[in-house]
Amino acid sequence: MQDTTATRHSIIYGCLWMERVGLNQGTSGNISVRVDDGLLITPSAVLYAKMTPEMICKISLDGPPSADQHPSSEWQFHQSVLQARPDVDAVVHAHPANATAIAIQRRSIPAVHYMVAAFGGASVPCTGYALFASDALSVMVADAVKHRHGCLLANHGALTVGDILDRALWRMQELENLARVMFLAEQSGMPVILSDADIAETLTSFQDYGIRNTAP
Ligand SMILES: [Zn+2]
């Protein structure tokens, strides 16, 4: 993608959308998009409603930002995920209530629903715990999404990826719904977990599933 005003607007729109649908609040989430000469990422400590295209930070794909740049404090795991996944152009991070609650229990999400396949396999993994913005967290997150399109971050939140931003946002909403229905199902009994064969069959049928690319 190119670093255009439209690209920057799509990041702000994604933040506002997450707030509107209840996936995030305040300044806790962040979004990055790979561009030709680095990555665009939401700024640190700015309310979504006050964000303007000029405030979106452009940083390099490796190495720390310069002193005059103020990217999200989580820039490091955005960078490491984009490095680890050349097929991914967008990373979304949020603290949605149900997904975060499961991350607090330090559980992965098993195949409680066929939509788990939207994450590329039979589960959505949960990382170990490390301090936010730390090297250790960045390494664990990049590792967790090496073979999945999303993960939970222990006692912290969730992260999803996509070849385009819309798909990463769609996955964040699906991840939160998976966590919610898992909790509901557990309230009155033990959920039945789909088999690896069921998920393999779903993955095959998922070739054309999801959302269309309507990016500018
Ligand atoms: Zn966070």
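In this predicted model, A45 counts as exposed, at 67% relative accessibility. A45 sits in the loop that joins β2 (38-41) to β3 (57-59). Its backbone is worth a look as well: the phi of A45 is near 55 degrees, a positive value in a residue other than glycine. R106 also has a positive phi, of about 55 degrees, although it is not a glycine. R106 belongs to the loop between α3 and α4 and is partly exposed, with a relative accessible area of 48%.

S66 is found in the loop between β3 and α2, where it is partly exposed with a relative accessible area of 38%. S66 and Q83 are separated by 17 residues in sequence and by 19 Å in space, C-alpha to C-alpha. V88 has its place in the loop between α2 and β4. With a relative accessible area of 2%, V88 is buried, since the cut-off for that class is under 20%. Once its neighbours within four places in sequence are left aside, V88 is in contact with R34, L82, V161, G162 and D163.

Attention now turns to the metal site. The zinc ion has three histidines as protein donors, namely H93, H95 and H156, each through NE2 and lying 2.1 Å from the ion. Along the chain, the donors follow the spacing H-x1-H-x60-H. H95 lies in the loop between β4 (90-94) and α3 (97-104), while H156 lies in the loop between β5 (150-153) and β6 (157-162), so this pair ties together parts that are 61 residues apart in sequence.

The axes of α3 and helix α5 (residues 165-187) come within 7 Å and cross at roughly 65 degrees. Angles of 65 to 115 degrees count as roughly perpendicular, and α3 and α5 are therefore roughly perpendicular to each other. The crossing in which α3 passes α5 is left-handed. On the α3 side, A97, N98, A99, A101 and I102 take part, and they meet E176, A179, R180, M182 and F183 in α5. Sorted by class, this contact of α3 with α5 has 7 nonpolar, 1 polar and 2 charged residues.

Helix α5 also packs with helix α1 (residues 5-20), at an angle of about 10 degrees and with the axes 11 Å apart. Angles under 35 degrees count as roughly parallel, and α1 and α5 are therefore roughly parallel to each other. The crossing of α1 and α5 is right-handed. From α1, the contact draws on S10, I11, G14, W17 and M18, and from α5 on L165, L169, M172 and Q173. The residues of the contact of α1 with α5 divide into 6 nonpolar and 3 polar, with no charged residues.

A further pair is formed by helix α2 (residues 75-84) and helix α4 (residues 135-144), whose axes come within 8 Å and cross at roughly 35 degrees. The crossing of α2 and α4 is right-handed. Here Q76, F77, S80, V81 and A84 in α2 meet D135, L137, S138, V141 and A142 in α4. By class, the contact of α2 with α4 comprises 6 nonpolar, 3 polar and 1 charged residues.

How much of α2 is buried? Of its 10 residues, 8 are buried, so α2 is largely enclosed by the rest of the structure. The buried positions in α2 are W75, Q76, F77, H78, Q79, S80, V81 and L82. Among them, Q76, F77, S80 and V81 also take part in the contact with α4, and L82 is one of the residues in contact with V88.

Notes:
Residues numbered from 1 in each chain as written. Predicted model: local features only at pLDDT ≥ 70, side-chain atom pairs only at ≥ 80, totals over all residues. Heavy atoms only, no water. Donors = N, O, S within 2.8 Å, 3.2 Å for Na, K, Ca; no water. Helix = DSSP H or I, 4+ residues; strand = E, 2+ residues; numbered from the N terminus. Axes fitted to C-alpha atoms, helices over the stretch in contact; angles between N-to-C directions. Parallel < 35°, antiparallel > 145°, perpendicular 65-115°, else oblique. Left-handed = near helix turned anticlockwise from the far one by under 90°. Contact = heavy atoms within 4.5 Å. Nonpolar A, V, L, I, M, F, W, Y, C, P; charged D, E, K, R; others polar. Buried < 20%, exposed > 50% of the residue type's maximum accessible area, 1.4 Å probe, protein only.
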